[in-house]
Amino acid sequence: MGIDWVELAENVLFGHKITYEEAAAILDCPDEELLLLLHGAYKIRKAFYGNKVKLNMIMNVKSGYCPENCSYCSQSSVSTAPINKYPLLSKEAILEGAKRAQELKAGTFCIVASGRGPTNHEVEKICESVREIKDTYNLTVCACLGILKDEQAERLKEAGVNRYNHNLNTSERYHEHIVTSHTYEDRVNTVDKVKRAGISPCSGVIIGMGESKQDVIEMAAALKEIDADSIPVNFLHPIEGTPLQGENNLNPRYCLKVLALFRYMLPTKEIRISGGREVNLRSLQPFGLYAANSIFIGDYLTTEGQEMSKDHEMLKDLGFEIDLNPLPETVQ
């Protein structure tokens, strides 16, 4: 006898914690039951977020020249991908990005810089930009600058950074298969630092790097453990010139099951369909928003996203509403 997905969702709403066996069943859900699985996920999503969708826009303010050896990244030291490389952009350029984010109704503007972690000088330049953004625009500001040193999180918080992204990317067990220039613990420690500084933690994963289904379940469990507020679920976009350039083991139905898993396991959290959604979900992208409640609009770090007008059109066709208050109520 199979699982009644709607009943399972109702149990989650009453406080049930998904077991490992239930999580495995979600990832192994028969394709003919996929709509029922998503209906259950939608019941959970609707209870906490209604039909609202959070829009996020990313800006790569420093590109390439990274000493890390992350297998998926076109900006890493082991990548030969032909990308634009440049040092930290000017404050004026960053402010122009923020202006564009507000025009596109993105509630969150994400400032991303390549590298292992920022220098104190880079932190100060970003803080200057953030102060002006907060004075000028009605935006939540997220920073993604890598591994933070002592006191850097506090400086970012003081400048007005609302959220900090530092993805776990994969499971602790599988981590060394993806990167060896930093540890899994380095990533967890940075998330802890931003939480202690009073910044909303954003941490997510990349699906499709050769990990097992057990790894996917462990990723969701780890994000539950660190209590991330926002969880970007990326699906690998294999980039020519990176060690994972030939990896291509995803299909749209499995991607939807992964999104459902994260909603069932992390019912109250912002689940964001992130990098690779266009090439992996393809024509099934709208179905993802029955589980997730957040997307990136525009381009990513070194890859192109879907045309922004199509994203707005997709939300309109779904009958969903743009959420202009993207931070959880508990975070000031």
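**Exercise 1.** Which residues does Cys110 touch, not counting residues up to four places away in sequence?

*Solution.* This is a predicted model. Start with the strand: Cys110 lies in strand 2, residues 108–113. Next, list the contacts. Cys110 touches Asn56, Met57, Ile58, Met59, Cys142 and Phe296. Finally, check exposure. Buried means under 20% relative accessible area. Cys110 has 3% relative accessibility, so it counts as buried.

**Exercise 2.** Find where Cys202 sits, and decide whether it is buried or exposed.

*Solution.* Cys202 is part of strand 5, which covers residues 200–202. Its relative accessibility is 1%, so Cys202 counts as buried. Now take its contacts, leaving out residues up to four places away in sequence. Cys202 touches Arg163, Tyr164, Asn165, His166, Ser230, Pro232 and Arg272.

**Exercise 3.** Work out which residues the UniProt annotation "binding site" covers, and how they are arranged in space.

*Solution.* Read the record first. The unreviewed UniProt entry gives Cys110, Cys142, Cys202 and Arg272. They are spread over 163 residues of sequence, yet they cluster in space, with a largest C-alpha distance of 13.9 Å. Then look for contacts within the set.

**Exercise 4.** Compare the radius of gyration of the protein with that of a compact globule.

*Solution.* Take the length: 332 residues. A compact globule of that length would have a radius of gyration near 20 Å; the protein has 19 Å, so the two agree. Buried residues make up 58% of the 332. Among contacts between residues at least 6 apart in sequence, 76% join residues at least 24 apart.

Definitions and conventions:
Residues numbered from 1 in each chain as written. Predicted model: local features only at pLDDT ≥ 70, side-chain atom pairs only at ≥ 80, totals over all residues. Heavy atoms only, no water. Rg over C-alpha atoms; globule rule 2.2 N^0.38 Å. Buried < 20%, exposed > 50% of the residue type's maximum accessible area, 1.4 Å probe, protein only. Contact = heavy atoms within 4.5 Å. UniProt positions renumbered as here; feature names shortened; annotations may be inferred. Helix = DSSP H or I, 4+ residues; strand = E, 2+ residues; numbered from the N terminus.
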